[in-house]
Amino acid sequence: MEAALGNEIRTRGHEYGVTTGRPRRCGWLDMVMLRYVNMINGLTGVALTKLDILDTQPTIKIGVAYKIDGKKINYFPATEEEMVKVEVEYISMPGWQASTENVRTFSNLPPNAQAYCRKIEELMEVPIKWIGVGSDRDAIITVY
């Protein structure tokens, strides 16, 4: 992720350490890691948080595969030595460039936001149960 975009997302999402105030690293969704998490934990549903932070983006990426030395791998790297060699392969999806902050039902999300959520479910093979669309306590969509 480009530095300027990472900074924008960090600022919009208030991604700073509570105690230290240090800026957190921000990046695109890593589906390889999420599939690994699902394999280990057997997830039955997930909460997708901070969807509203992506409201301003014309394009949204999802990391879908890892390559090491130019070769696609079908596993999550087990060592730091492997991890530092990883190149991420991304897919790009169109953004929705509309506010989702006041949306409370999935069907009222912009179509491209719905498509993004469905793509995550498809790639992860786990349904999204909740979608966070703001910082307010009621800023959540219950999908099922």
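Q: Among contacts in the protein chain between residues at least 6 apart in sequence, what percentage join residues at least 24 apart?

A: The model here is predicted. In the protein chain, 63% of the contacts between residues at least 6 apart in sequence join residues at least 24 apart.

Q: Which elements does the chain contain, and in what pattern?

A: The protein chain has four helices and seven strands. Along the sequence they follow the pattern α-β-α-β-β-β-α-β-α-β-β. The radius of gyration of the protein chain is 16 Å, close to the 15 Å from the globule rule for 144 residues, so the chain is as compact as a globular protein of that length. Taken along the principal axes, the box filled by its C-alpha atoms is roughly 45 × 35 × 30 Å.

Q: How do I read burial and surface for the protein chain, and what percentage of the residues is buried?

A: A residue counts as buried when its relative accessible area is under 20%. Of the 144 residues in the protein chain, 35% are buried. The chain exposes about 9,000 Å², and carbon and sulfur atoms supply 51% of that area.

Q: How far apart are the mean positions of the positive and negative charges?

A: The protein chain has 17 positive and 18 negative charges, and their mean positions are 1 Å apart.

Q: Which residues of α4 are buried, and what covers them?

A: The buried residues in α4 are Ala113, Tyr116, Cys117, Ile120, Glu121, Leu123 and Met124. Their cover includes the helix α2 (31-41) and the strands β1 (29-30), β2 (46-48), β3 (59-68), β5 (86-94) and β6 (128-132).

Q: Where is lysine 50 found, and what is its phi?

A: Lysine 50 is in the loop between β2 and β3. Its phi is positive, about 60°, although lysine 50 is not a glycine. Lysine 50 is partly exposed, with a relative accessible area of 36%.

Q: Is glycine 132 buried or exposed, and which residues does it touch?

A: Glycine 132 belongs to strand β6. Because its relative accessible area is 13%, glycine 132 is buried. Leaving out residues up to four places away in sequence, glycine 132 touches Leu48, Thr49, Lys50, Leu51, Asp52 and Ala139. Glycine 132 and alanine 47 are 85 residues apart in sequence, yet 7.5 Å apart in space, C-alpha to C-alpha.

Q: Where is tyrosine 144, and which residues does it touch?

A: Tyrosine 144 sits in the segment after β7 (140-142). Its relative accessible area is 46%, so tyrosine 144 is partly exposed. Not counting residues up to four places away in sequence, tyrosine 144 touches Thr44, Gly45, Pro127, Ile128 and Lys129. Tyrosine 144 and valine 86 are 58 residues apart along the chain, and their C-alpha atoms are separated by 36 Å.

Technical notes. Residues are numbered from 1 along each chain as its sequence is written. This is a predicted model: local features need pLDDT of at least 70, side-chain atom pairs count only at pLDDT 80 or more; totals for chains, interfaces and linings use all residues. Side-chain values use heavy atoms; hydrogens and water are left out. Helices (H or I, at least four residues) and strands (E, at least two) are DSSP runs, numbered from the N terminus. The radius of gyration is taken over C-alpha atoms; the globule rule is 2.2 Å times the number of residues to the power 0.38. Buried means under 20% relative accessible area, exposed over 50%, partly exposed in between (1.4 Å probe, protein chains only). Contact means heavy atoms within 4.5 Å. Accessible areas come from the Shrake-Rupley method with a 1.4 Å probe; for residues, only the protein chains shown count as cover. Lys and Arg count as positive and Asp and Glu as negative; His and the chain ends are not counted. The place of a charge is taken as NZ of Lys, CZ of Arg, CG of Asp or CD of Glu.
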